[in-house]
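Please read this briefing alongside the sequence and the 3D view. It is meant for someone who has not seen this structure before.

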Amino acid sequence: MAEAQAQHTGRRAGERVVQWLNVAGPLLALIAIYAVFAIIGPDSFRSGGNLETICRQTAIVGAAALGMTIIMIAGGIDLSVGSVVALTTVVIAWLLQYAGWPDGWAALAGIGAGAVCGLLTGALITRLQVVPFIVTLGMMLMVRGLAKALAHSQKIDAPLGWLKDLTASLPPERQFMLLPPGVWLVIVLGLILALALRLMRYGRHVFAIGSNELTARLCGVAVERTKLLTYTLGGAFFGLAGLMLFSRLTVGDPTAAQGLELDVIAAVVIGGGSLSGGEGSVFGSLIGALIMSVIASGCSQMGLDNWVQEVLTGAIIVIAVALDRLRHRRARGG
């Protein structure tokens, strides 16, 4: 009896350690990767200015990762991220240049365009009962084509307003902000999304659908409606990423952000999200995006070729997915 109780206590302790590592693992990996580059890299890598640059570069992938996080927790995936981001930059630039809209309204319209793309994606998935991979693959091509049609396959130059300051380096008189307003916007929206996932019924339903859709349906969860809302919110966050990209480029570019979907999915997986659904966190996804930016910055400042960065990032993704599979096998075995 005493031996069985001791085994039970040991198993519970082991489970708590695994849960703690799932939460803290991405942060520990970020610290370790930064420490390696800080030791072997040039002095400029450790400067405060470089830290600000890393945060500014993370804003685009980080914003898109917020949307991908809730989609993957619900058991889905969206391959149209890069195309939606490109369409958003085109919509904003077109409204500023040809319609004369104020910066704020153009930005909201760009985010709205992303939300509409997400709504259409969610509607196709729930109504046609087609797997998300196929639907979003088609959406990736359709949205990219729409962006090229709107811009006539050319970049649209836009008048320079305050939108360019969202991700620009802070001037000396605004150094008290520590980070550009666009980065703060992503952080605040991330906090709101994290609270919604933890405290609101919507968040519990998203996790329930991703863990077991049939069980969630039997428990009375409105699966189709929750999925529709999830893909719409995801599209809005992709639109936010497009706003951040427009802030950096100050043009509408229908060919921009090609391949961004891989970076975004990688950020979520590195941060603890599962391709099987039911797992993931806002905090982890943002840490995953930071890890990729740190690797890119470290390799760039050390003068390494792009292939080194690609190999390192790919290796980290493979390790993260392998750990995820190992964790699931142990869970099924338990």
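This is a predicted model: local features need pLDDT of at least 70, side-chain atom pairs count only at pLDDT 80 or more; totals for chains, interfaces and linings use all residues.

Residues are numbered from 1 along each chain as its sequence is written, and side-chain values use heavy atoms, with hydrogens and water left out. Helices (H or I, at least four residues) and strands (E, at least two) are DSSP runs, numbered from the N terminus.

**Helix pair**

- Two packed helices are described by the angle between their axes and the distance between the axes.
- Helix α3 (residues 81-99) packs against helix α5 (residues 132-151) at an angle of about 20 degrees, and their axes are 8 Å apart. Axes are lines fitted to C-alpha atoms, for helices over the stretch in contact, and angles run from 0 to 180 degrees between N-to-C directions.
- That angle makes α3 roughly parallel to α5 (angles under 35 degrees count as roughly parallel, over 145 as roughly antiparallel, 65 to 115 as roughly perpendicular and the rest as oblique).
- Residues of α3 that meet α5 include Leu87, Val90 and Trp94, and those on the α5 side include Met140, Val143 and Leu150. Contact means heavy atoms within 4.5 Å.

**Nonpolar core**

- The largest nonpolar core has 81 residues, and Met68, Val81, Leu163, Leu260 and Val264 have the most contacts inside it. Such a core is a set of buried Ala, Val, Leu, Ile, Met, Phe, Trp, Tyr and Cys residues joined through side-chain atoms within 4.5 Å.
- Helix α2 (residues 48-73) gives the largest share of this core, 13 residues.
- Apart from neighbours within four places in sequence, Val81 is in contact with Ala64, Met68, Phe238, Leu260, Glu261 and Val264.

**A buried threonine**

- Thr230 is placed in helix α9 (residues 223-249).
- With a relative accessible area of 1%, Thr230 is buried (buried means under 20% relative accessible area, exposed over 50%, partly exposed in between, with a 1.4 Å probe and protein chains only).
- Leaving aside neighbours within four places in sequence, Thr230 is in contact with Ile70, Ile71, Ala74, Tyr202 and Val206.

**Positive phi in loops**

- Most residues other than glycine have a negative phi.
- His152 has a positive phi, near 55 degrees; His152 lies in the loop between α5 and β1 (156-157) and is exposed, at 64% relative accessible area.
- Thr250 has a positive phi, near 60 degrees; Thr250 lies in the loop between α9 and β2 (251-252) and is partly exposed, at 22% relative accessibility.
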